Amino acid sequence: MSSSPAPCSRSWSISEDSLRRYVHFASESCIQELLSASVSNRGNANDEWKVLNLDNGVEISKRRSGSLHTFRSRWLLRSVSPQQFITVANAIDAAKQWDSDLVEARYIKDLEDNLSIIRLRFGENSKPLFRNREFIVYERRETMEDGTLVVAVASLPKEIAAGLHPKQSNAIRGLLLQSGWVVEKLENDSCVVTYVVQLDPAGWLPKCFVNRFNTKLVMIIENLRKLAQACPSNGDR
């Protein structure tokens, strides 16, 4: 009598050079998607983005393609330079100050000065699709020729993620698709910030979740605004 093999999760062990080349390749499309999202809806009535909320200079919108739901927030920060904002948004040790659902955030590996692998862990009281989940993501930071700052963040394939950091027994390994920041410089040390996060709930997204996620985005924006305004300016350097 033969017994079935015990189920196991697959993991890939790859060299640091192969990981670096993969992340460079994968993040290129993420950067282009972020830049496209940051300029859309500006005078284009036929844009696919649906505005869900517009209040106090903050726009929250959503776009759906198949099972994918992409949320976008966009707002103007006066007297806050792009570097001030990115300094706050990329301060991983302070991430819990602007996202209260986040339990832990830490670097797993630095591949280059602007390229890192990060683990994000959310607790049991977090919003749906984040509750009890951990994400193994890459983060790539780039400055465009016009001075626009882009931070691209997305999950690694599950096999590569498992090879870098085995999943905790009490956590669900989540999937964060193309997401990140675009920060455009304006006059008088101000900037326009676009934050994009793409989710795959594998089907219909309940309206109650959309409402809760809108609230979460507004909260993140307000927390980041306060932290960025309190951050010392580098404009005099």
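Reply: Two packed helices are described by the angle between their axes and the distance between the axes. Here α2 and α5 pack at about 120 degrees, with their axes 9 Å apart. The axes are lines fitted to C-alpha atoms, for helices over the stretch in contact, and angles run from 0 to 180 degrees between N-to-C directions. The two helices α2 and α5 are therefore oblique to each other. As for the cut-offs, under 35 degrees counts as roughly parallel, over 145 as roughly antiparallel, 65 to 115 as roughly perpendicular, and the rest as oblique.

Me: Which residues of α2 and α5 make the contact?

Reply: On the α2 side they are Gln84, Phe85, Val88 and Ala89, and on the α5 side Leu224, Leu227 and Ala228. Contact means heavy atoms within 4.5 Å. By class, the contact of α2 with α5 has six nonpolar residues, one polar and no charged ones. Ala, Val, Leu, Ile, Met, Phe, Trp, Tyr, Cys and Pro count as nonpolar, Asp, Glu, Lys and Arg as charged, and the others, Gly among them, as polar.

Me: Where do the numbering and the values come from?

Reply: This is a predicted model, with residues numbered from 1 along each chain as its sequence is written. Local features need pLDDT of at least 70, side-chain atom pairs count only at pLDDT 80 or more, totals for chains, interfaces and linings use all residues, and side-chain values use heavy atoms, with hydrogens and water left out. Helices (H or I, at least four residues) and strands (E, at least two) are DSSP runs, numbered from the N terminus.

Me: Is α2 mostly covered or mostly open?

Reply: Mostly covered: α2 spans residues 82–89, and six of its eight residues are buried. Buried means under 20% relative accessible area, exposed over 50%, and partly exposed in between (1.4 Å probe, protein chains only). The buried residues of α2 are Pro82, Gln84, Phe85, Ile86, Val88 and Ala89. Their packing partners are β3 (68–77), α3 (95–98), β7 (149–155), β9 (179–185), β10 (191–199) and α5 (207–230).

Me: What about the backbone? Which residues have a positive phi although they are not glycine?

Reply: Most residues other than glycine have a negative phi, and most peptide bonds are trans. Ser79 has a positive phi of about 60 degrees, and Asn188 also has a positive phi of about 60 degrees. You'll find Ser79 in the loop between β3 and α2, and Asn188 in the loop between β9 and β10. Ser79 is exposed, with a relative accessible area of 58%, and Asn188 counts as exposed at 69%.

Me: Where is Ala161, and which residues does Ala161 touch?

Reply: Ala161 is in helix α4 (residues 158–164), buried at 2% relative accessible area. Not counting residues up to four places away in sequence, Ala161 touches Ile136, Leu156 and Arg173. The C-alpha atoms of Ala161 and Trp12 are 8.0 Å apart, while the two residues are 149 residues apart along the chain.

Me: And the chain overall? How many helices and strands are there?

Reply: Five helices and ten strands. Buried residues make up 46% of the 237 residues. Among contacts with a separation of 6 or more, 60% join residues 24 or more positions apart. The accessible surface of the protein chain is about 12800 Å², with 49% belonging to carbon and sulfur atoms; areas come from the Shrake-Rupley method with a 1.4 Å probe, and for residues only the protein chains shown count as cover.
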